[in-house]
Amino acid sequence: MNILHICSYYIGNQLYKNLVKELSNKGIKQHVFIPLKTESLVGKNQLPSEYDTVNYYYKNILKKYDKFFYFNKINKQAKEIENLSLLNRNNIDFIHAHTVFSDGGTAYKLSEKYGINFIVTFRNTDINHFYKYAIHLRPYMYRILLNASAVIFISYAYKKQVFSLLPNRILSQIENKCYVIPNGIDSFWHENKTVNKKKPKSREVSLLFIGQLNKNKNLANVLKTCAQLKEQGYNVKLDVIGSGALENYYKNLTKEINLEKIVEFHGFIEDKHLIKTIMDKCNIFIMPSLRETFGLVYIEAMSRGIPIIYSRGQGIDGFFEEGEVGYSVDPLDVSTIVDAIDNIMDNYSQIADTCQRNSIKFNWTNICNSYFLIYNK
């Protein structure tokens, strides 16, 4: 099997590299087309040379004005792919477009011309940028969805959100070919998973937040949660891993609500071993984002046997029953977050054990197998 990936965001995330790697391990020959805005990104995230079934095509063709001229952009990408002389029945069996608009539009044009089936994956930019603001492009998006062999969502929350936006006439024609396939966590976390997470002492809790320090990740309400727990007699501690535009604001807020002795800001940490060490000192992972596409860090925390608190209707919500690995919360309501922590502490050992077991599902071998079945349909 020969797969053509059209992947506008390949260089920005390791998850695409992990998928390509696992598909290569199954013996699938792959061609990865990556449109770029700058020459300096050529070669980024490329697999080692021993993965000789993977060919990369980094093309520095994107310009600032492309975001205003959508059809010019996808036509340009389609022309570049055609120039590679890959598109005939002998060379490419299937096209995987890793976004609906930027990549799916190009895949749809190529499919119409060469008769090659394609699938699309919904991403954050498709919903919160293109669909929201580029209203004139919605009819073309509907054509992409109707002609795709399958439509992939990385979470149940995303699927639910998209289904609520689509016209019934479109939804009725595509819902039977829609699938939820999550992202996987790096093999490091599976190889270093923990068991038998110890239950903390009564009224003691050590919280962990990992994320960008911006408004969306909602550290402000995590800090307010700590203040409320402290008022209720908890001996609470919070470790914060991450950096961002609001870092100084959050540090000042910590002082204003008298939490500087119990909150430690570690800054951005790239070293997984160091992150693991900090994780293992904590009892609960908490990140009540206002919006979340998936959130691999929740699963990484679960692999260490750490119960999680996540936002209702966002990210990983829908993959687990309430109380199974933690609780979903209203990110704007601190009292619901405090209640979730109380509930976790009441049943800590069982939830911690379930977290570790469920994290195993989110490995790239399983995810690759799910895609492989769709490619072969």
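In which sense do β1 and strand β4 (residues 94-97) pair, and over how many bridges? The two strands pair in the parallel sense over four bridges; pairing requires that DSSP find at least two bridges between two strands. Helices (H or I, at least four residues) and strands (E, at least two) are DSSP runs, numbered from the N terminus.

The model is predicted: local features need pLDDT of at least 70 and side-chain atom pairs count only at pLDDT 80 or more, while totals for chains, interfaces and linings use all residues. Residues are numbered from 1 along each chain as its sequence is written, and side-chain values use heavy atoms, with hydrogens and water left out.

**First stop: β1**

Select residues 2-6, strand β1, where five of five residues are buried (under 20% relative accessible area with a 1.4 Å probe, protein chains only; exposed is over 50%, partly exposed in between). In a regular strand the side chains alternate between the two faces of the sheet. Here Asn2, Leu4 and Ile6 lie on one side, with Ile3 and His5 on the other. Next, display His96 in β4, which stands opposite His5.

Strand β5 (residues 118-121) pairs with β4 over three bridges, and Val120 in β5 stands opposite Ala97.

Move to helix α9 (residues 219-231). Its end C-alpha atoms are 19 Å apart, which agrees with the 18 Å that its 13 residues should span at 1.5 Å a residue, the expected span being 1.5 Å times one less than the number of residues. Among its buried residues are Leu219, Val222, Cys226 and Leu229; their cover includes β8 (204-210), β9 (235-241) and α13 (334-346). Just after α9, Gly233 takes a positive phi of about 95°.

Finally, select Leu207. Leaving aside neighbours within four places in sequence, Leu207 is in contact with residues including Cys226, Leu229, Leu238 and Ile341.

Key: Contact = heavy atoms within 4.5 Å.
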